[in-house]
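Dear colleague,

Please find below the sequence and the structure that I am handing over to you. A written account of what was found follows directly after them.

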Amino acid sequence: LWRVAETGEVNELERALARAGDVNARNKHGMTALMRAAHQGHEPMVRALLRHGADPNLTRNDKFTALALAAFFGHTGTVRTLIEHGAKTEVVTRCNTSAYMWASARTFTEAARCLKINQRGPAAGPALPLGPPRRPVRPP
């Protein structure tokens, strides 16, 4: 199931689910198939897994959710899909960092905007500038 989720081959999902049984099965690190698909930015696979009952709010051992992974890697479409399916924006990783804060810090502007519009709770963090990354200024 995890391999299929990483490849994004939605047509293989039914067979993988029949073998795996539990769409929310985890490995020793707490990673689910949904998290793997979100990490890779495979939005059609994310949608399919959610339709089959994948829980968007499960956390890995380091408290990353599928939403935090999608935000960390700048997969805006996947971020939107997860939010549409009930992913909580206020969850923070073990670093006490929300998905919005990860997207902002890594300068994924569109993903950060999507999260900012939909953020809830104290983990939303301070408003960070959403523009191109600043280049260091060298002295003349």
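**Overall composition**

The protein chain contains eight helices and zero strands, where helices (H or I, at least four residues) and strands (E, at least two) are DSSP runs numbered from the N terminus. Read from the N terminus on, its elements run α-α-α-α-α-α-α-α. Please note that this is a predicted model, in which local features need pLDDT of at least 70 and side-chain atom pairs count only at pLDDT 80 or more, while totals for chains, interfaces and linings use all residues. Residues are numbered from 1 along each chain as its sequence is written, and side-chain values use heavy atoms, with hydrogens and water left out.

Of the 140 residues in the protein chain, 43% are buried; buried means under 20% relative accessible area, exposed over 50%, and partly exposed in between, for a 1.4 Å probe and protein chains only. Among the contacts in the protein chain with a separation of 6 or more, 66% are accounted for by residues 24 or more positions apart, a contact being heavy atoms within 4.5 Å.

**Helix H4 and its two partners**

Helix H4 covers residues 43-51 and helix H6 covers residues 76-84. The two pack at an angle of about 15°, with their axes 9 Å apart. Axes here are lines fitted to C-alpha atoms, for helices over the stretch in contact, and angles run from 0 to 180 degrees between N-to-C directions. The angle makes H4 roughly parallel to H6, given that angles under 35 degrees count as roughly parallel, over 145 as roughly antiparallel, 65 to 115 as roughly perpendicular and the rest as oblique. H4 passes H6 in a right-handed crossing; a crossing is left-handed if the near helix is turned anticlockwise from the far one by less than a right angle, and right-handed if clockwise.

On the H4 side, the contact is made by Glu-43, Val-46, Arg-47 and Leu-50. H6 contributes Gly-77, Thr-78, Thr-81, Leu-82 and Glu-84. By class, the residues of this contact divide into three nonpolar, three polar and three charged.

H3 and H4 pack at an angle of about 160°, with their axes 8 Å apart. That makes H3 roughly antiparallel to H4, and the crossing of H3 with H4 is left-handed. Ala-33, Leu-34, Ala-37 and Ala-38 of H3 meet Met-45, Val-46, Leu-49 and Leu-50 of H4. The contact of H3 with H4 has eight nonpolar, no polar and no charged residues.

The buried residues of H4 are Met-45, Val-46, Ala-48, Leu-49 and Leu-50. Their cover includes helix H1 (2-7), helix H2 (13-20), H3 and H6. H4 is followed by Gly-53, whose phi is positive, near 100°.

In H6, the buried residues are Thr-76, Thr-78, Val-79, Thr-81, Leu-82 and Ile-83. These pack against helix H3 (33-40), H4, helix H5 (66-72) and helix H8 (109-118). Gly-86, which follows H6, has a positive phi near 90°.

The loop between H6 and helix H7 (99-105) holds Thr-93. Thr-93 counts as buried, at 2% relative accessibility. Not counting residues up to four places away in sequence, Thr-93 touches Asp-62, Lys-63, Phe-64, Ala-68 and Trp-102. Asn-96 is found in the loop between H6 and H7 as well, but counts as exposed, at 57% relative accessibility.

**Backbone and cysteines**

Asn-96 has a positive phi of about 60° although it is not a glycine. Thr-107, in the loop between H7 and H8, also has a positive phi, near 60°, in a residue other than glycine. Thr-107 is partly exposed, with a relative accessible area of 35%.

The structure holds zero disulfides, a disulfide being a pair of cysteine sulfur atoms within 2.5 Å. Cys-95 is partly exposed, with a relative accessible area of 48%, whereas Cys-114 is buried, at 9%.

With kind regards

Terms used: Nonpolar A, V, L, I, M, F, W, Y, C, P; charged D, E, K, R; others polar.
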